[in-house]
Amino acid sequence: MHDAMNFAQSLDHAAWMHPNRSSITYGVQHWTVGESAQTSRRIAQLLIQVGVARGDRVMMVAHNSPYHFLVYIACARLGAVFVPVFWRQSAAQLQEIVNFIAPRVLVADAEVAALGSMDSPGTLTHFVIDDDPLSGPLAPALANGYLSFTAAYTPFSGAFLADGDQIGSEDLNQVEYPTGLAALLVTSACENAAANMWKRTAAPDSGSAQQESSSVAQGSSAPGENSIGGSSSARRCDAGVHAIELTHANMWWTARNLRTDIEYSNMETALVASPMSQFMGFSSAALDVFASGGHIVLMRSFDAENTLDVLARTRVTLFFGIAEIWQALVESTQWSSADLSHLRYVLVGGTIADYPSPSLVAALGARGLNPITVWGVAELSASGTLLPWDRGFDHLESIGYPFMYNQVRIVDSAALPEDPALPESPSFSESPAVTGGLVSVGEDALSDVQPGEAGELVVRGPAVSRRYWHDEDLTARVYIGSWLRTGARVRVDANGFLWPVVP
């Protein structure tokens, strides 16, 4: 047995234990745990038929969808690599990502598929999600050569378990599941800029993200929604594409970090409203809840009023959102009257640049909630440090203490080269490749500062990514041995609280 579990194995075990529990609720659609496991097996069989093997990439470009969970698990069965990409990009930007990732399969929603098919020097099979009642019309996608996804996988038996070593009986849990690379999180300039658009007003011809999600919630298409590029067509991706590698072990230990310190269980009902292409949506506690047999309530995109309604109506117990999401909820006219009585785990995440403000955390506390603030970057799979409410109500500007399975150091930044490629660098650049002249340093360059002094936060642990996809230069600059350079300047006080030091 391995020291970290593949989430496909976790879901199969949950499906054997309690197949009839609720697994995914998406609008009027519903899956049980058994149905989720069976569907993921059918998708895996389809992927095999179209030629997907271990190490091949399966790219998904869509609004939040149940298939973010189901396709990921299908890939995990095969040892294939899941690549979620934010949907709001132009065809040219998506093509650039395809050129870099070289996927074998592309799964898109109707809006993305309407942009056209992608070119690839190898074999690339295009599928369109054809059973989403909230999506746009399918005709443009089918005209562009996309195949209907549900129609393609439904005929399969679902008998496939995993492409691993079978050392004995399947019924006796003697099948090994794949290890190694599990997912790539794209961090290109155009991906980051596109992903930021979900939370702010877009160009006049594409409508706002809030208008869009409100219309989608009512089953209609938002203004300009089928023109996915919107203002993003004017953005450039001169920085190129970068992607963070996350292994099955990284994903598993992220879940262990979150479950150990936040203390949730597989009985939770977790709401997902953050983009599933981003680490706060994809590799957060929701994936662990889903794979262990809990209940996921999924929103296609975020809208404050609709989110408050869903929180109350579906009796959500766990919600992990970035600070901007929670701020929008607090500012909603329905905030003071919304029924939040079932919400036990209130997770508010962010980087230091957009960390939850003391006023936001205080506003959540005033509603009788017990917020847990979480600091993290994508390379940490959303689990860097945390600050529980009962320890943090009088330390609201602190980022707390490292998660259980993370080790941190505060090192003398004067001995390290300033690098705009670092996740929390004050001079962070979306175009690290153009900086030039920056070199990697050895682990002997790390020198701890004295207690109370400010320095750069470096992190290591089994949940921490170790490299960037096909980018040895960037990997060498951001990782020093086993330590991830975050670029964040912090200090630690006498009680062990970490405090950001902003220039």
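Helix 14 and helix 15 lie oblique to each other, a label for angles that are not under 35 degrees (roughly parallel), over 145 (roughly antiparallel) or 65 to 115 (roughly perpendicular). Their axes come within 10 Å and cross at roughly 55°. Axes here are lines fitted to C-alpha atoms, for helices over the stretch in contact, and angles run from 0 to 180 degrees between N-to-C directions. Helices (H or I, at least four residues) and strands (E, at least two) are DSSP runs, numbered from the N terminus. Where do the two helices meet? Ala323, Trp326, Gln327 and Val330 in helix 14 touch Leu360, Ala363 and Leu364 in helix 15, with contact meaning heavy atoms within 4.5 Å. Sorted by type, these residues are six nonpolar, one polar and no charged. Ala, Val, Leu, Ile, Met, Phe, Trp, Tyr, Cys and Pro count as nonpolar, Asp, Glu, Lys and Arg as charged, and the others, Gly among them, as polar.

Before we go on, keep in mind that this is a predicted model, where local features need pLDDT of at least 70, side-chain atom pairs count only at pLDDT 80 or more, and totals for chains, interfaces and linings use all residues. Residues are numbered from 1 along each chain as its sequence is written, and side-chain values use heavy atoms, with hydrogens and water left out.

Now hop over to another helix pair. Helix 1 (residues 7–17) packs against helix 3 (residues 66–78) at about 110°, with the axes 8 Å apart. That angle makes helix 1 roughly perpendicular to helix 3. Phe7, Ala8, Leu11 and Asp12 come from helix 1, and Tyr72, Ile73, Ala76 and Arg77 from helix 3. This contact has six nonpolar, no polar and two charged residues.

Nine strands form an open, mixed sheet, in the order 2-1-11-10-12-13-14-15-16. Its edges are strand 2 (29–32) and strand 16 (401–402), each pairing on one side only. Strand 1 (residues 22–26) and strand 2 pair in the antiparallel sense over four bridges; strands pair if DSSP finds at least two bridges between them. Helix 2 (residues 33–49) packs on this sheet, touching strand 1 and strand 2, and its direction makes about 90° with that of strand 2.

Finally, zoom in on Glu245, which sits in strand 9 (residues 243–247). Is Glu245 buried or exposed? Glu245 counts as buried because its relative accessibility is 12%; buried means under 20% relative accessible area, exposed over 50%, partly exposed in between (1.4 Å probe, protein chains only). Leaving aside neighbours within four places in sequence, Glu245 contacts residues including Leu181, Arg467 and Trp469.
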